[in-house]
Amino acid sequence: MRRIDASGDGKVSRDEFRDRTRFFDLADRDGDGKLSAPEFLVIRGIMVGR
């Protein structure tokens with residue numbers, strides 16, 4: 001997550017996430033346009049098939 005969090009605010013924005021918008025939208029549970037650490041774990045699970 002730290003590699004993607006270019007702003008260093010502890011969250012990954014849609015712009016920082018780049019082209020993976022489908023996964024981003026699935027993980028952004030609270031709809032704030034940023035992925036918190038727990039939301040980011042959802043993405044990891046999707047991407048590795050868990």
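**Entry 1: the core**

I began with a term: a nonpolar core is a set of buried residues of the kinds Ala, Val, Leu, Ile, Met, Phe, Trp, Tyr and Cys, joined through side-chain atoms within 4.5 Å. I also reminded myself that this is a predicted model.

Which residues make up the largest nonpolar core? I found 7 residues in all: Val12, Phe17, Phe24, Ala27, Leu35, Phe40 and Ile43. I then looked up which elements give two or more residues to this core, and they are α2 (21-27) and α3 (37-47).

Leaving aside neighbours within four places in sequence, Phe40 is in contact with the core members Val12, Phe17 and Leu35. Met1 and Ile4 are also among the contacts of Phe40.

**Entry 2: the whole chain**

I noted 3 helices and 2 strands, and reading from the N terminus the order is β-α-α-β-α. The chain has 50 residues, and 26% of them are buried.

**Entry 3: salt bridges**

How many salt bridges does the count come to? I got 2.

One of them joins the side chains of Lys34 and Asp9, at 2.9 Å from N to O. Lys34 sits in strand β2 (residues 34-35) and Asp9 in the segment before β1, so this pair ties together parts that lie 25 residues apart in sequence. Are these two residues buried, partly exposed or exposed? Lys34 has 32% relative accessibility, so I put it down as partly exposed. Asp9 is partly exposed as well, at 40%.

Asp32 and Lys11 form a salt bridge too, with 3.6 Å from N to O. I traced where the partners are: Asp32 is in the loop between α2 and β2, and Lys11 is in the segment before β1, 21 residues apart. Asp32 has a relative accessible area of 38%, so it counts as partly exposed. Lys11 is partly exposed with 30%.

**Entry 4: Asp5**

I then turned to Asp5, which I found in the segment before β1 (12-13). Is Asp5 buried or exposed? My note says that Asp5 is buried yet has no salt bridge. The nearest side chain of opposite charge belongs to Lys34, 7.4 Å away. A salt bridge needs a nitrogen and an oxygen within 4 Å.

What does Asp5 touch, then, apart from neighbours within four places in sequence? I listed Gly10, Lys11, Val12 and Glu16.

**Entry 5: Arg14**

My last stop was Arg14, which lies in helix α1 (residues 14-17). With a relative accessible area of 36%, Arg14 is partly exposed. Not counting residues up to four places away in sequence, Arg14 touches Thr21, Phe24, Asp25 and Gly33.

Conventions
Residues are numbered from 1 along each chain as its sequence is written. This is a predicted model: local features need pLDDT of at least 70, side-chain atom pairs count only at pLDDT 80 or more; totals for chains, interfaces and linings use all residues. Side-chain values use heavy atoms; hydrogens and water are left out. Buried means under 20% relative accessible area, exposed over 50%, partly exposed in between (1.4 Å probe, protein chains only). Helices (H or I, at least four residues) and strands (E, at least two) are DSSP runs, numbered from the N terminus. Contact means heavy atoms within 4.5 Å. Lys and Arg count as positive and Asp and Glu as negative; His and the chain ends are not counted.
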